[in-house]
Amino acid sequence: MEAITYSDVNGYKIPNLVMPDDGLGEEVHIGIWGQRRLDYLKKHKRLLYTNLLTSGKLRVHLHEIDETAFERRELIIKQMKEVQGVTEQLKADDMMKWVGMVTNICACADEIIRSELIYE
C-alpha cells in the first residue's frame, strides 16, 4: 500500500490523489452515445456518476455504452428496414419515399437506444 503524499498550498496540506488506471489508455474515443450517457449521469444520477468517477470506471462504462448503443442501433435499423420493406429497389424507384422511411427508422432507433441504454 502506498503512503499518501501531500502538497503544501497556502499553508494547507492537500493530498496528492491519483485516479486509478482504467486500462483503456489515452486513445479511447467516447462517441455521441457515451457523451449523452455522461450528461445524463451528471444531471440525474449524481451518486452513480461519482461512484464511477472515483472508482476509475467511468470511462470504461461510457465506452461500453457507446459501443453497445452503436451496435444496437445498426441492428435495429437493419431489422426495421427489412420489416418495412425498405430496399435498394425502393430507393431506385421512389427516392423521396425511401428517404422518409429511412429517416423515420433512424429516429425510432435513436429513441429506442435512448430509452434502453442512455436514460436507464
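This tour visits a pair of crossing helices and several salt bridges in a predicted model.

**The helix pair.** Begin by selecting helix α3 (residues 58-84) together with α5; their axes come within 9 Å and cross at roughly 140°. The two helices are therefore oblique to each other, and their crossing is right-handed. On the α3 side, the contact includes Ile65, Ala69, Arg72, Arg73 and Ile76, while α5 contributes residues including Ile105, Ala109, Asp110, Ile113 and Glu116. The residues of this contact divide into 15 nonpolar, two polar and five charged.

**Asp110.** Next, select Asp110, which lies in helix α5 (residues 95-118). Its relative accessible area is 17%, under the 20% limit, so Asp110 counts as buried. Leaving aside residues up to four places away in sequence, Asp110 touches Trp33 and Arg73.

Now select Glu116 and Arg72, whose side chains form a salt bridge at 3.1 Å, N to O. This pair links distant parts of the chain, with Glu116 in helix α5 and Arg72 in helix α3, 44 residues apart. Glu116 is partly exposed at 38%, and Arg72 is partly exposed at 30%.

**Bridges within a helix.** Proceed to Arg114 and Glu111, which meet in a salt bridge of 3.0 Å, N to O. Both residues lie in helix α5, three residues apart, or about one turn of the helix. Finally, select Asp39 and Lys43, joined by a salt bridge of 3.4 Å, N to O. These two residues are four apart in helix α1 (residues 32-44), and therefore separated by about one helical turn. Asp39 is partly exposed at 37% relative accessibility, whereas Lys43 is exposed at 55%.

Note on methods: Residues are numbered from 1 along each chain as its sequence is written. This is a predicted model: local features need pLDDT of at least 70, side-chain atom pairs count only at pLDDT 80 or more; totals for chains, interfaces and linings use all residues. Side-chain values use heavy atoms; hydrogens and water are left out. Buried means under 20% relative accessible area, exposed over 50%, partly exposed in between (1.4 Å probe, protein chains only). Contact means heavy atoms within 4.5 Å. Axes are lines fitted to C-alpha atoms, for helices over the stretch in contact, and angles run from 0 to 180 degrees between N-to-C directions. Angles under 35 degrees count as roughly parallel, over 145 as roughly antiparallel, 65 to 115 as roughly perpendicular and the rest as oblique. A crossing is left-handed if the near helix is turned anticlockwise from the far one by less than a right angle, and right-handed if clockwise. Ala, Val, Leu, Ile, Met, Phe, Trp, Tyr, Cys and Pro count as nonpolar, Asp, Glu, Lys and Arg as charged, and the others, Gly among them, as polar. A salt bridge is a side-chain nitrogen of Lys or Arg within 4 Å of a carboxyl oxygen of Asp or Glu.
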